[in-house]
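Here are some notes for a first look at this structure. Please read them with the structure open.

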Amino acid sequence: MTAGFMYSPELTRNILREDHVLRPMRLRLVYELLQAYGVFDEAEAVVIEPRVATDQELMSFHQRDYVEAVQAFSRGDELDRQHRYGFGDSGDNPISEGMFEAAALAAGASIVGAEAVWHGRADVVFNAGGGYHHAGPDFASGFCVFNDAVIAILRLLALGAERVAYVDIDAHHGDGVQNAFYGSDRVLTVSVHQSGRTLFPGTGDCEETGDGAGVGYAVNLPLAPGTHDEAYAHVMEQGVAPLIRAFRPDVLVTQQGIDTHIDDPLTHLRLTSEGHTRAVALLGGLSPGRWLALGGGGYDLSAVARCWAMDYAVMAGADLPDEIPQSFRNAYGLTRLRDGSAPALLEADDARIWREAEESVRRVRQLVFPLHGLES
């Protein structure tokens with residue numbers, strides 16, 4: 001496949017706050033690691049330059065007053081109104097100089113990627129600097145200012161896609177994308193995430209299945225804290241894959257947050273690099289030949305750099321040796337690409353994890369599968 005990688009140094013430079021866990025420099029680490037491996041020397045691997053989304057493109061989803069407010073806040077103006085739109089100095093969504101331009105560039109990168117896969121310039125495009133799936137039409141949420149995933153899907157629909165499947169494997173529920181298409185049967189949203197009973201944003205139960213024409217087109221598979229590679233693979237293979245095959249999308253859009261990793265400081269899942277890569281490879285196998293992949297959460301820089309590099313290697317058909325190249329090793333101290341096995345769990349904990357994973361699959365098969373002509 002021809003695999004595009006969205007990159008510009010400008011995607012890596014915005015600092016939300018010095019102590020903020022979301023560090024845009026993480027994208028630079030992914031790019032530099034792929035460079036060190038020589039992936040971009042291959043004919044199938046193409047670096048694509050992003051552009052800033054226009055106001056009109058942002059307003060395909062976001063309300064005008066919100067877009068204009070973010071522009072003002074980014075200049076340091078009208079800050080007395082920031083709380084009205086979900087911003088706050090000490091919270092998840094601080095104001096920073098240049099915030100508007102950075103968020104619009106991330107959204108523009110996803111639009112460029114969507115256009116590239118739709119027009120056949122690439123079979124898959126990975127915008128690791130995107131995946132801001134919590135933002136709403138008129139508010140910021142969960143580190144997300146503009147919802148590039150929704151904007152990209154709307155662009156695909158405008159270009160002529162009849163059906164778009166969106167699969168979100170971030171540890172947090174993809175609430176903003178689900179909400180945007182909750183009443184639509186043209187966009188199937190699937191979110192595999194740590195249960196909202198134990199993690200922000202508190203949503204994403206199996207019973208959230210859509211509204212009106214969209215009933216059966218919102219799918220949620222919540223997981224227990226501690227969920228590991230094997231239980232995760234079961235959910236992907238038994239709960240996600242059959243639905244994507246039955247839906248037969250024109251385009252696959254994925255959000256590949258790596259905050260599912262065992263070392264992530266904000267979440268409580270236990271995926272290894274191998275478990276994450278297995279899920280991404282499964283998604284790649286479900287692609288109809290047009291695949292837009294987005295980044296998302298991920299707050300352990302080692303896991304982000306290694307796992308997203310492995311994601312792109314899956315997309316580009318590259319085989320990366322486990323030993324990290326000397327240049328990157330010298331700069332950042334990482335020596336091995338892959339994790340190996342996670343520490344064993346107590347038997348009771350393992351049983352609980354499997355019980356909740358199987359229950360999520362059972363509920364989705366009961367509530368949603370029949371609506372797609374699948375046996376429950």
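1. In which sense do strand β4 and β5 pair, and over how many bridges? The model is a predicted one. Strand β4 (residues 164–168) pairs with β5 in the parallel sense, over five bridges.

2. Strand β1 (residues 3–6) and strand β3 (residues 124–127) run parallel and are joined by three bridges. Look for G4, with V125 of β3 opposite. In a regular strand, side chains alternate between the two faces of the sheet.

3. Next, a helix on the sheet.

4. Where is A53? This residue sits in the loop between β2 and α2 (55–58). A53 has 4% relative accessibility, so the residue counts as buried. Leaving out residues up to four places away in sequence, A53 touches L58, A104, A107, G108 and I111. A53 and A103 are 50 residues apart along the chain, yet their C-alpha atoms are separated by 8.8 Å.

5. Two helix pairs deserve a look. The angle between the axes and the distance between the axes describe two packed helices. Take α7 (residues 229–247) and α11 (residues 347–367) to begin with. They pack at an angle of about 5°, with axes 9 Å apart. That makes α7 roughly parallel to α11. On the α7 side, the contact is made by E230, A231, H234, V235, Q238, G239 and L243. On the α11 side, I353, W354, A357, E358, V361, V364 and R365 take part. By class, this contact has eight nonpolar, three polar and three charged residues.

6. The other pair is α7 with helix α8 (residues 273–286). Their axes cross at roughly 10° and come within 10 Å. The two helices are therefore roughly parallel to each other. From α7, the residues are D229, Y232, A233, M236, E237, A241, I244 and R245. They meet E274, G275, R278, A279, L282, L283 and L286 in α8. This contact divides into nine nonpolar, one polar and five charged residues.

7. How many disulfides does a search of the whole structure find? The count is zero. A disulfide is a covalent bond between the sulfur atoms of two cysteines. C206 is buried, at a relative accessible area of 7%. C307 is in no disulfide, and the nearest cysteine sulfur, that of C144, is 20 Å away. C307 is buried too, with a relative accessible area of 0%.

Key. Residues numbered from 1 in each chain as written. Predicted model: local features only at pLDDT ≥ 70, side-chain atom pairs only at ≥ 80, totals over all residues. Heavy atoms only, no water. Axes fitted to C-alpha atoms, helices over the stretch in contact; angles between N-to-C directions. Helix = DSSP H or I, 4+ residues; strand = E, 2+ residues; numbered from the N terminus. Parallel < 35°, antiparallel > 145°, perpendicular 65-115°, else oblique. Contact = heavy atoms within 4.5 Å. Nonpolar A, V, L, I, M, F, W, Y, C, P; charged D, E, K, R; others polar. Disulfide = S-S within 2.5 Å. Buried < 20%, exposed > 50% of the residue type's maximum accessible area, 1.4 Å probe, protein only. Pairing = 2+ DSSP bridges.
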